[in-house]
Amino acid sequence: MILPVAHTKIHPDQKLGESVQQLLLTKIAVYLMTFLIVTVAWAAHVRLFQVIELIDDVLALLNLACMMLITFLPYTFSLMASFPGVPFGIFLFSTCAVVIGLIQAVIVAYGFYHPYLLNHQIQVSENQVFYKHHILQIILRGPVLCFLAAIFSFFFIPMSYVLLGLVIFLPHITRLIIWCKNKTVGPKEDEESHRLEAFTFYLNEPLSKERVEAFSDGVYAIVATLLILDICEDNVPDSKEVKDKFHNRLIEALSEYGPNFLAYFASFVTTGLLWFVHHSLFLYITKTTRFMGLLNTFSLAFIGGLPLAYQLTSEFAEKSHNEIEAIQVSCVITFFASIFQFAIWITALFHERETLHPLARYGGKEHAFMFAKLALYPCVSLGAFFLTCLLSKFSTAIFHIMQIVVPFAFLALRILVRISLAIMKSMLSLSRRKNVVLDEEETCLSPAETLS
């Protein structure tokens, strides 16, 4: 999905501000929306095969057709991003989403027609018809909205984007409405009876922690792969040029690509450290909530933007006029990718007994260390952004210092946290001693001296 954005050609003598307004801003907005829609489709697919446990040849072929259409979605996104004012790109994307939903509905209908393929809890249930209609209703909500988006694309494109946005947020809006209704009116009796029998893989429940981790690891792996593919594609010198210009001295020819390799290693280190923070965070998370899953999806969407950051910072080799803007875009991408990770931890703290390991809770041994680890990248990227605004002449130096300092800061983070905690404890103990001394002096004074 990020490739059409990352491969936007910006000439060194072209101002990035105009390019952002005309090209990058539109492409990034469309990328974020389509990434979130694909995530919704992935979550629906995972929940679908929690309901259907066994697969025969028909289901395998239907699932293969569904996967084929999902892998075709990046091409439709490329058309949407490159031609935002042309309805065909939105129509093609929406049509693929509708067909994917219809295939998933056929899988559900086929599974209930052959009950031995279903989850055991549904097999023994007397309310299979209710479950079938309930699952189909949830699965077909997205395709219905995409169908309406495809229709509106021919005469009112903004409405199509609104409907596609509803595909992402409709489950959360629905749960908010149900929560408000239950608080004001109270739950209905028939809903309560169905909830008593609701199976554990209920489609409105958040995905398991393991599924979220697996999907996240896949996104990080793809981003890292895209970075090395860009290096292999654009930074291999031509053999004829090496022979004629550099007299077969390959090392001298490769020296011209030095800033490109520096940008690659910096982007890879950023990706790796953000994955390390994500891995550390989910080591202490015992259960994910729906809102935590949404925050994780937003974080992954910005992680997918790191190849764009690499493409922009690799332009330093050409002495581009866009260095400040490229650095700021890279800082914004890194900031939002990391701040959503921090938000996951903050959300977990509100329900720490259910979602967090005791070591990471308030007062736990790892609480302060996790806070420092999750806050490092947001603070550094935000600081670098504002420093480049104030000290524009030194923007490149500031950016490279940030790239060098952050890995070493992660290595020394535990030591720094322990030193900071020791200093805080010593300051608190000194203040307590002063209070004790003052109290003792007051007790030693006579009542007349105290009044004076």
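Biologist: Is N296 buried or exposed?

Modeller: This is a predicted model, in which local features need pLDDT of at least 70 and side-chain atom pairs count only at pLDDT 80 or more, while totals for chains, interfaces and linings use all residues. Residues are numbered from 1 along each chain as its sequence is written, and side-chain values use heavy atoms, with hydrogens and water left out. Buried means a relative accessible area under 20%, exposed over 50% and partly exposed in between, for a 1.4 Å probe and protein chains only. The relative accessibility of N296 is 2%, so this residue is buried.

Biologist: In which helix does N296 lie, and with which residues is N296 in contact, leaving aside its neighbours within four places in sequence?

Modeller: Helices are DSSP runs (H or I, at least four residues) and strands are runs of E (at least two), numbered from the N terminus. By that numbering N296 belongs to helix α13, residues 290–303. Contact means heavy atoms within 4.5 Å. With neighbours within four places in sequence left aside, the contacts of N296 are V212, S216, H278, F282 and I344.

Biologist: How many helices and strands does the chain have, and what percentage of the contacts with a separation of 6 or more comes from residues 24 or more positions apart?

Modeller: The secondary structure consists of 20 helices and 0 strands. Of the 452 residues in the chain, 43% are buried. Among contacts with a separation of 6 or more, the share from residues 24 or more positions apart is 77%.

Biologist: What is the volume of the largest cavity?

Modeller: A cavity is a set of points, on a 1 Å grid over the protein atoms alone, where a 1.4 Å probe fits but cannot get out. Grid points are joined across faces, edges and corners, and a volume is the space filled by probe spheres set on the points. The whole structure holds 2 cavities of 30 Å³ or more. The volume of the largest cavity is about 800 Å³.

Biologist: Which element gives the most to the lining of the largest cavity?

Modeller: Lining residues have an atom within 4 Å of a point, and the largest cavity has 40 of them, with T39, V40, A43, A44 and R47 nearest its centre. Two or more lining residues come from each of α2 (16–51), α4 (87–113), α6, α7 (157–184), α9 (209–234) and α13. With 9 residues, the element that gives the most is α2.

Biologist: How do the residues of the lining of the largest cavity divide into nonpolar, polar and charged?

Modeller: Ala, Val, Leu, Ile, Met, Phe, Trp, Tyr, Cys and Pro count as nonpolar, Asp, Glu, Lys and Arg as charged, and the others, Gly among them, as polar. On that basis the lining of the largest cavity comprises 25 nonpolar, 12 polar and 3 charged residues.

Biologist: Which residues are closest to the centre of the second largest cavity?

Modeller: The second largest cavity holds about 100 Å³ of space. Its lining of 11 residues has T270, S330, T334, F399 and Q403 closest to the centre. The lining divides into 5 nonpolar, 6 polar and no charged residues. The residues asked for are therefore T270, S330, T334, F399 and Q403.

Biologist: Why is the pair of W42 and F215 stacked?

Modeller: Rings of Phe, Tyr and Trp (its six-membered ring) pair if their centres lie within 6.5 Å, and planes under 30 degrees apart count as stacked, over 60 as edge-to-face and the rest as tilted. The structure holds 14 aromatic pairs. The ring centres of W42 and F215 are 4.2 Å apart, and the pair is stacked because its planes lie at 20°.

Biologist: What angle lies between the planes of F342 and W345?

Modeller: F342 and W345 are 3 residues apart in helix α15, so about one helical turn separates them. F342 is buried at 17% relative accessible area, and W345 is buried at 1%. Their aromatic pair is tilted, with 6.3 Å from centre to centre and an angle between the planes of 55°.

Biologist: How far does the backbone oxygen of A348 lie from a polar atom of the side chain of T355?

Modeller: T355 is placed in helix α16, residues 352–355, and is buried at 1% relative accessibility. Leaving aside neighbours within four places in sequence, T355 is in contact with residues including Y284, M292 and A348. The distance from the backbone oxygen of A348 to a polar side-chain atom of T355 is 2.8 Å.

Conventions. 1 Å grid on protein atoms, 1.4 Å probe; cavity = no way out; pocket = protein on both sides within 12 Å on 5 of 7 lines; lining within 4 Å. Polar contact = N/O pair within 3.5 Å; in protein donor to acceptor, adjacent residues only side chain to side chain.
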